[in-house]
Amino acid sequence: MVWDRGARTAIHDHHCPCAFGIIRGRLSEFRFRALDEVRVARISEILHRPGDMASLETTGPNIHQMVNDGDAVAISLHVYGFDHRVHDSSVDREYMLAQA
């Protein structure tokens, strides 16, 4: 994936295992915990740099958001383990950040 400066995903969870690696630039990954079926609270932030790899298992909630908050374009490679004949996307659900 190519991430322009400021690009971000929705806050989301996956129904399948996934892994990603950073090729160029940097991406911040924000992790969340569900408060209910729609709202989440942020619990951590991880900065991923070139050469970093990470994975998400389906054994529990893996609610996250990826953001290019750097000053350059970022490139990452993502691999998702799901059957495209059954699902249109790897995303299970999208959430909204709860207001403090």
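Glutamate 37 is exposed, with a relative accessible area of 54%; here exposed means over 50% relative accessible area, buried under 20%, and partly exposed in between, using a 1.4 Å probe and protein chains only. This is a predicted model, in which local features need pLDDT of at least 70 and side-chain atom pairs count only at pLDDT 80 or more, while totals for chains, interfaces and linings use all residues. Residues are numbered from 1 along each chain as its sequence is written, and side-chain values use heavy atoms, with hydrogens and water left out.

The structure holds three salt bridges, each a side-chain nitrogen of Lys or Arg within 4 Å of a carboxyl oxygen of Asp or Glu.

| Salt bridge | N to O distance |
|---|---|
| glutamate 29 and arginine 31 | 2.9 Å |
| arginine 39 and aspartate 36 | 2.8 Å |
| arginine 93 and glutamate 37 | 2.7 Å |

Arginine 93 lies in strand β9 and glutamate 37 in the loop between β4 (27-34) and β5 (39-48), so this pair ties together parts that are 56 residues apart in sequence. Strands here are DSSP runs of E with at least two residues, numbered from the N terminus. Arginine 93 is partly exposed at 33%. Glutamate 29, by contrast, is buried, with a relative accessible area of 0%. Arginine 39 is partly exposed at 37%, and so is aspartate 36 at 33%.

Aspartate 13 is found in strand β2. Although buried, aspartate 13 has no salt bridge, and the nearest side chain of opposite charge, arginine 93, is 7.3 Å away; in this count Lys and Arg are positive and Asp and Glu negative, with His and the chain ends not counted. A polar atom of the aspartate 13 side chain does lie 3.2 Å from the backbone nitrogen of asparagine 62. Beyond its neighbours within four places in sequence, aspartate 13 has contacts (heavy atoms within 4.5 Å) that include Pro61, Ile63, Ser90 and Tyr95.

Histidine 12 stands opposite glutamate 94 of β9.

Elsewhere, an open sheet of four antiparallel strands runs in the order β1-β8-β3-β6. Its edge strands, β1 (2-3) and β6 (53-56), each pair on one side only.

Terms used
Two strands pair if DSSP finds at least two bridges between them. A polar contact is a pair of N or O atoms within 3.5 Å; within protein, one must be able to donate a hydrogen and the other to accept it, and residues adjacent in sequence count only if both atoms are side-chain atoms.
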